[in-house]
Every structure is written in C-alpha cells, then in structure tokens.
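These are my notebook entries on a single protein structure. I record here what I looked up, one topic after another.

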Amino acid sequence: MKRLLTMIVCSLFLVGNSFASWKSIESKLPQKLSDYLASKPEYAKTKAEMMKFRTTKIPVVGIAVHRAANEFAPENTLASMQIALDLEVDYIEMDVRQTKDGKSVILHDGNLNRTTSGRGPLKELNFNEARALSAGSWFDPFFATEKIPTLEESCILLADHNEKSRHKTYFYVDCKDINIPVLIGALSKYKLLEGSVFYVNEQQIGQIRSLAPNARMLPGLHSPQDLDRMIDTYHPYALDTNWKDLSKELIDKAHAKEVKIFSDGFGEDMNVESYQKAIKAGIDVISTNKVSVICEAVAKISK
C-alpha cells in the first residue's frame with residue numbers, strides 16, 4: 001500500500017510539472033497580445049503544430065520567419081517578434097536600416113509608405129520623427145500603437161527569451177543599410193552574435209569579418225555554377241539559394257564542404273509539396289511566411 005501511494009504521489013507530481021511546463025510555454029506572450037491571438041483560430045492551430053514539430057526528430061529542418069511572424073502581426077515589429085518567439089522558431093529574419101541621424105531600426109522598405117503611417121524615405125527622417133509613426137495600423141487597428149523598433153529593442157527581446165527559454169532563437173539579419181560597428185556591437189552585447197546569420201552581399205563579408213571574424217555569413221548563391229567559387233572564396237556558414245535551384249545534388253555538394261543551404265519558400269513555392277521536396281533533399285533552413293506549412297510538410301514526411 002505504501003508503495004502504491006508513493007507511485008500515485010510521484011505520478012501527480014510529474015503531471016503537475018508537465019502542466020506547469022505547458023503553462024509556461026503558453027504564457028510567453030504579453031496578456032493583451034495573447035488575448036488578441038485567442039480570437040485567431042489559425043494561431044492556435046499553428047502553435048499546436050509547432051509544439052508537435054519540436055517533438056519530431058526526423059527530418060530536421062530549421063525554421064526562419066520572414067520579417068518575423070508577419071502572418072499574425074505587422075512585419076518587423078516587436079509584436080511579430082514576440083509571436084515568433086512564442087512559436088519557438090529558429091530564426092527571425094529582420095531588415096536593418098538607419099534613420100537620418102544614424103539610429104539603427106528594423107524596417108524592410110527604404111520607403112515608409114507601405115508599412116507605416118508615414119510617407120517618403122526613412123533616411124530623410126530623424127529617429128524621433130520615425131518613432132512617432134504607427135508601424136501597425138495598416139495591418140489591424142489593434143496594432144496601431146506599434147512603433148518601428150530599434151535594433152537594440154529587438155536584441156533585448158531575443159536575449160530575454162533566450163535566457164528564459166529552452167529553445168534559443170537568433171536573428172537572420174538582412175543587412176540592407178547597416179552601420180556595421182553598431183550592428184556587431186549590439187549583437188555581441190546581447191550574446192546573439194554567435195548564433196545569428198548575416199544575409200550579405202559580397203562586399204559586406206570582409207567588412208563584417210574585420211570586426212567579427214567568426215560571424216556566420218550567408219551570401220546569396222545566384223547560380224548553382226557559382227557554388228564552388230562562393231565557398232572557396234568566402235568560406236560562408238551557409239548560402240542563400242534560389243528556390244528554383246534547390247536540388248539534392250547541390251545541397252549534398254555544399255554539405256560536403258560543411259556549408260549549409262538556406263532558401264526562401266515564398267509565393268507559389270509556399271506549399272506542402274514544395275517544402276517536402278526541399279526537406280527530403282536535405283535543406284537546412286526554410287524562410288517562410290507561414291510556419292504551419294513547414295509543420296505540415298514535416299508531419300507528412302514523418303508518418
């Protein structure tokens with residue numbers, strides 16, 4: 001009897017711990033944002049699929065969310081980054097630009113028109129002017145108070161997440177209009193430099209490596225015929241490859257030289273069949289606008 005009672009108590013303890021762990025996973029988001037997402041069935045579905053994805057051992061593929069979780073919140077905002085962290089993705093792709101007075105901020109377009117309440121080029125505004133704009137009202141009135149985030153705010157968000165969470169997330173930095181010392185300094189300060197990748201042009205590789213020799217370079221591979229030259233010349237961590245150029249042969253050749261392959265699966269390529277093909281070929285990371293498509297592709301392969 002004593003042994004039976006002990007077993008019951010231990011079981012309840014384990015169940016309690018599992019429940020507490022589940023609750024901690026569910027409570028990463030700010031309450032207001034969590035309440036908003038509670039009205040979005042697609043988010044609950046994606047969250048459940050991602051939790052299942054994290055328990056799947058084969059096949060392995062990394063997930064990068066394009067401009068953060070732009071499916072559920074305005075792109076390149078802190079809200080979309082918070083959602084991406086809640087989904088436990090591997091990389092948050094973000095675009096770094098500078099204001100007129102040299103402040104590093106996160107914004108995809110050089111022009112403010114599409115994703116803010118402003119007009120004209122970002123580089124013509126000082127930071128305080130850019131900061132006064134809404135970066136979310138175009139997406140949903142709920143996000144009207146979202147601002148263009150700074151590089152440092154974004155780093156603080158990820159650093160806090162990585163300190164508290166079992167799954168670490170890093171930046172996929174699209175180096176559009178960057179101040180290299182500021183960028184490297186911020187990532188180093190918040191312990192994000194080692195795990196982040198830098199989508200760069202060939203000119204930026206040497207500039208970044210002069211300050212961060214071990215930074216993970218991710219230059220674009222414009223043609224499969226250029227694979228050997230890019231690897232032998234730049235020794236990148238990975239190559240960003242056009243989706244149409246993906247093949248098992250190309251991926252195997254890169255892997256043989258210890259280089260990873262990333263690719264953007266957008267538009268007509270963002271479907272389960274296309275993702276399955278890339279995963280089976282051995283792709284390392286898919287950048288997507290819809291996380292659930294990767295989850296579904298992996299689930300079907302794993303059956």
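**Entry 1: Thr241.** I first located Thr241, which belongs to strand β7, residues 238-241. The model I am reading is a predicted one. Is Thr241 buried or exposed? Its relative accessibility is 2%, and because buried means under 20%, Thr241 counts as buried. I then listed its contacts, leaving out residues up to four places away in sequence: Thr241 touches Leu221, Leu246, Leu250, Ile261, Phe262, Ser263 and Asp264.

**Entry 2: the nonpolar cores.** The largest nonpolar core holds 76 residues. Within this core, the residues with the most contacts are Ile83, Ile92, Phe171, Phe198, Ile208 and Ile283. Helix α12, residues 291-302, supplies the largest share of this core, namely six residues. Apart from this core I noted another one, of 10 residues, including Leu122, Leu125, Leu133 and Ala135.

**Entry 3: Phe198.** I asked which residues Phe198 touches, again not counting those up to four places away in sequence. Among them are Val173, Cys175, Leu183, Ile184, Leu187 and Leu193. Ile208, Ala215, Arg216, Met217, Leu218 and Pro219 also touch Phe198.

**Entry 4: the cysteines.** How many disulfides does a search of the whole structure find? The search returns zero. Cys175 is accordingly in no disulfide, and the nearest cysteine sulfur, that of Cys155, is 12 Å away. I also checked burial: Cys175 has a relative accessible area of 5% and is therefore buried. Cys295 likewise counts as buried, at 5% relative accessibility.

Definitions and conventions: Residues numbered from 1 in each chain as written. Predicted model: local features only at pLDDT ≥ 70, side-chain atom pairs only at ≥ 80, totals over all residues. Heavy atoms only, no water. Core = buried A, V, L, I, M, F, W, Y, C linked by side-chain atoms within 4.5 Å. Buried < 20%, exposed > 50% of the residue type's maximum accessible area, 1.4 Å probe, protein only. Helix = DSSP H or I, 4+ residues; strand = E, 2+ residues; numbered from the N terminus. Contact = heavy atoms within 4.5 Å. Disulfide = S-S within 2.5 Å.
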